[in-house]
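Q: Hey, I've just opened this one and I'm new to it. Can you walk me through a few spots?

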Amino acid sequence: MNNDLKRSIILDNYQFPSNRKIPNDDSYIKINTNNESCIDNIDLYVKLENDIIKDINFEGEACAISISTTSIMTKLLIGKSIKEALNIIRNYQNMIEEKDYDANILKEAIVYNETYKQPSRIKCATLTWNGMEKLLKDKSLN
């Protein structure tokens with residue numbers, strides 16, 4: 001994927017993020033993700049039914065990378081089982097950490113495959129992914 005297309009996907013998901021809203025439903029689990037070294041502070045709202053991610057919404061203030069990667073993450077994970085979602089998250093984290101990963105399951109998230117070149121952006125690119133991983137791991141243990 002060329003850099004112009006990557007920038008276009010990131011910008012589109014920042015300017016017009018998918019699933020950015022606070023749900024009017026108390027069946028959602030809320031988790032806060034924040035980066036103490038910058039403004040990134042995003043609340044995730046996750047609806048789980050029978051180990052399936054039925055919906056994910058988010059709201060908060062954050063940089064373009066954090067907003068866009070959260071938008072992409074929500075689109076990737078909605079409809080997935082906890083096990084499938086954890087596999088996608090693991091592959092995303094491996095990509096960011098320059099480890100082996102399956103690019104095919106990451107779809108649009110592949111635009112962050114060169115984040116390692118800007119170490120200061122790694123926290124931005126992984127903030128909500130790490131929050132989702134923690135939530136899903138906690139739920140899979142129950």
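Q: Which residue in β3 does Lys-47 stand opposite?
A: Lys-47 faces Asp-55 there. Keep in mind that this is a predicted model.

Q: How many bridges join β2 to β3, and do the strands run parallel or antiparallel?
A: There are nine bridges between them, and the strands run antiparallel. β2 covers residues 41–49, and β3 covers residues 52–61.

Q: What about the hairpin they make, how many residues are between the strands?
A: Two residues, and Asn-50 has a positive phi near 55° in that hairpin.

Q: Switching topic: where is Thr-115 found?
A: Look in the loop between α3 (82–96) and α4 (122–141).

Q: Is Thr-115 buried or exposed?
A: Buried, because its relative accessibility is 9% and the cut-off for buried is under 20%.

Q: What does its side chain reach?
A: The side chain of Thr-115 gets to the backbone oxygen of Tyr-112, at 2.7 Å. Setting aside neighbours within four places in sequence, Thr-115 is also in contact with Ile-96, Arg-121, Ile-122 and Ala-125.

Conventions: Residues are numbered from 1 along each chain as its sequence is written. This is a predicted model: local features need pLDDT of at least 70, side-chain atom pairs count only at pLDDT 80 or more; totals for chains, interfaces and linings use all residues. Side-chain values use heavy atoms; hydrogens and water are left out. Helices (H or I, at least four residues) and strands (E, at least two) are DSSP runs, numbered from the N terminus. Buried means under 20% relative accessible area, exposed over 50%, partly exposed in between (1.4 Å probe, protein chains only). A polar contact is a pair of N or O atoms within 3.5 Å; within protein, one must be able to donate a hydrogen and the other to accept it, and residues adjacent in sequence count only if both atoms are side-chain atoms. Contact means heavy atoms within 4.5 Å. Two strands pair if DSSP finds at least two bridges between them.
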